[in-house]
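I opened this notebook to keep a record of what I looked up, entry by entry, for a reader who is new to the structure.

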Amino acid sequence: MKSALIVWGGWEGHEPQQCATLFATILRDQGYSVTISDTLDAYLDTEKLAALSLIVPIWTMGTITPEQLSGLSSAVASGVGLAGWHGGMADSFRNSTDYQFMVGGQWVAHPGGIIDYTVNITNHSDPITAGINDFAIHSEQYYMHIDPMNQVLATTTFNGEHAPWIAGNVVPVVWKKHWASGRVFYCSLGHVVKDFETPEALEIVRRGMLWASR
C-alpha cells in the first residue's frame with residue numbers, strides 16, 4: 001500500500017487543516033495510508049520519511065530548522081514524492097532558499113488579490129493535464145519566481161490591470177520536476193479549500209499527487 005504524510009500548519013488564512021482533510025480523503029480513496037501531522041518535527045523522523053510514497057506540505061509563512069529541512073530534502077532526494085499547491089508549498093519558508101531550490105519556485109505577489117483569471121493548459125499530453133482544457137478561476141493569481149528547469153504544464157497571463165508594468169507576462173501555474181531521485185509537483189491554485197470546487201483545479205492536484213508518489 002502506498003503511504004502519504006500530510007504536514008499542515010503556518011498561516012491559517014490558507015485553511016491548511018481543511019485542505020489536509022480534503023486531500024487525505026482523496027488519497028485514501030486512491031488506496032493510500034495517510035498520516036496527518038501539524039508539526040514540522042514530522043520531518044525529523046528520517047526512518048519513517050524514507051518509507052513513504054508521498055509528502056504533502058501545507059504550511060505557509062513559517063520557519064523551518066536546518067534539521068527539519070534536511071529530513072524533508074533527504075527523503076525527497078531518496079525517492080519520496082513531494083506534491084503541493086499555492087502558498088502551502090511555495091510560500092512556506094521565506095528564509096530558506098534551499099527549500100525553494102527543491103520546490104522549484106517561490107511566490108512573490110498576487111496583484112489585485114482575489115480576482116478572476118484564466119489558467120492555460122500548455123501541455124495536453126502529460127498525464128497530469130491530459131484532457132483538461134483552459135479554465136477560469138476566482139482566486140489569487142500568483143506571480144512567482146521559478147526554476148528554469150521546471151517542466152511547465154499550465155500558465156497564466158497577467159493583464160496588467162493591477163500592475164501595468166507586468167502586462168503580458170506569462171507565469172507558470174503548474175509544474176513538475178525532479179529532486180535527485182524524487183518527483184516534485186506544484187500547482188499555484190488553492191488559496192482556500194473552496195478553490196478546489198473548481199473541478200479542474202482539484203483534478204490537477206489529485207493527478208499531481210499520484211504522479212509524484214513513489
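**Entry 1**

I began with Met61, which is partly exposed because its relative accessible area is 40% (buried means under 20% relative accessible area, exposed over 50%, and partly exposed in between, with a 1.4 Å probe and protein chains only). The model is a predicted one, in which local features need pLDDT of at least 70 and side-chain atom pairs count only at pLDDT 80 or more, while totals for chains, interfaces and linings use all residues. Residues are numbered from 1 along each chain as its sequence is written, and side-chain values use heavy atoms, with hydrogens and water left out.

I then placed Met61 in the loop between strand 3 and helix 3 (66-78), where helices (H or I, at least four residues) and strands (E, at least two) are DSSP runs numbered from the N terminus. Its phi is near 55°, a positive value in a residue other than glycine. I noted a positive phi for Glu15 too, near 50°, and Glu15 is not a glycine either. Glu15 sits in the loop between strand 1 and helix 1 (16-29), and with 23% relative accessibility it counts as partly exposed.

**Entry 1: the chain as a whole**

I counted six helices and eleven strands in the protein chain. The radius of gyration is 16 Å, close to the 17 Å that the globule rule gives for 214 residues, so the chain is as compact as a globular protein of that length (the radius is taken over C-alpha atoms, and the rule is 2.2 Å times the number of residues to the power 0.38). Along the principal axes, the C-alpha atoms fill a box of roughly 50 × 35 × 30 Å. Buried residues make up 57% of the 214 residues. Of the contacts with a separation of 6 or more, 73% are between residues 24 or more positions apart, a contact being heavy atoms within 4.5 Å.

Is Ile115 buried or exposed? Ile115 counts as buried, because its relative accessibility is 12%. I found Ile115 in strand 6 (residues 114-121), and, not counting residues up to four places away in sequence, it touches Ile137, His138, Ser139, Gln141 and His162.

Val170 lies in strand 10 (residues 170-179) and counts as exposed, at 52% relative accessibility. Leaving aside neighbours within four places in sequence, I listed Thr155, Thr156 and Thr157 as the contacts of Val170. Val170 and Asn159 are eleven residues apart in sequence, and their C-alpha atoms are 9.6 Å apart in space.

**Entry 2: the cysteines**

How many disulfides does the structure hold? I found zero, a disulfide being a pair of cysteine sulfur atoms within 2.5 Å. For Cys19, the nearest cysteine sulfur is that of Cys187, 12 Å away. Cys19 counts as buried, at 0% relative accessibility, and Cys187, also at 0%, counts as buried.

**Entry 3: empty space**

Rolling a probe the size of a water molecule over the atoms shows where empty space is left. On a 1 Å grid over the protein atoms alone, a cavity is a set of points where a 1.4 Å probe fits but cannot get out, and a pocket is an open set with protein on both sides within 12 Å along at least five of seven lines; lining residues have an atom within 4 Å of a point. Grid points are joined across faces, edges and corners, and a volume is the space filled by probe spheres set on the points.

My search of the whole structure gave one cavity of 30 Å³ or more. The largest cavity has a volume of about 30 Å³, and its lining consists of His14, Cys19, Ile58, Thr60, Trp85, Gly87, Gly88 and Gly190. Strand 3 (54-60) and helix 4 (86-90) are the elements that give two or more residues to that lining. By class, the cavity lining has three nonpolar, five polar and no charged residues (Ala, Val, Leu, Ile, Met, Phe, Trp, Tyr, Cys and Pro count as nonpolar, Asp, Glu, Lys and Arg as charged, and the others, Gly among them, as polar).

The largest pocket holds about 210 Å³ of space, and its lining includes Ser3, Asp45 and Lys48. Two or more lining residues come from each of strand 1 (3-10), strand 2 (33-37) and helix 2 (46-50). By class, I recorded six nonpolar, four polar and two charged residues in the pocket lining.
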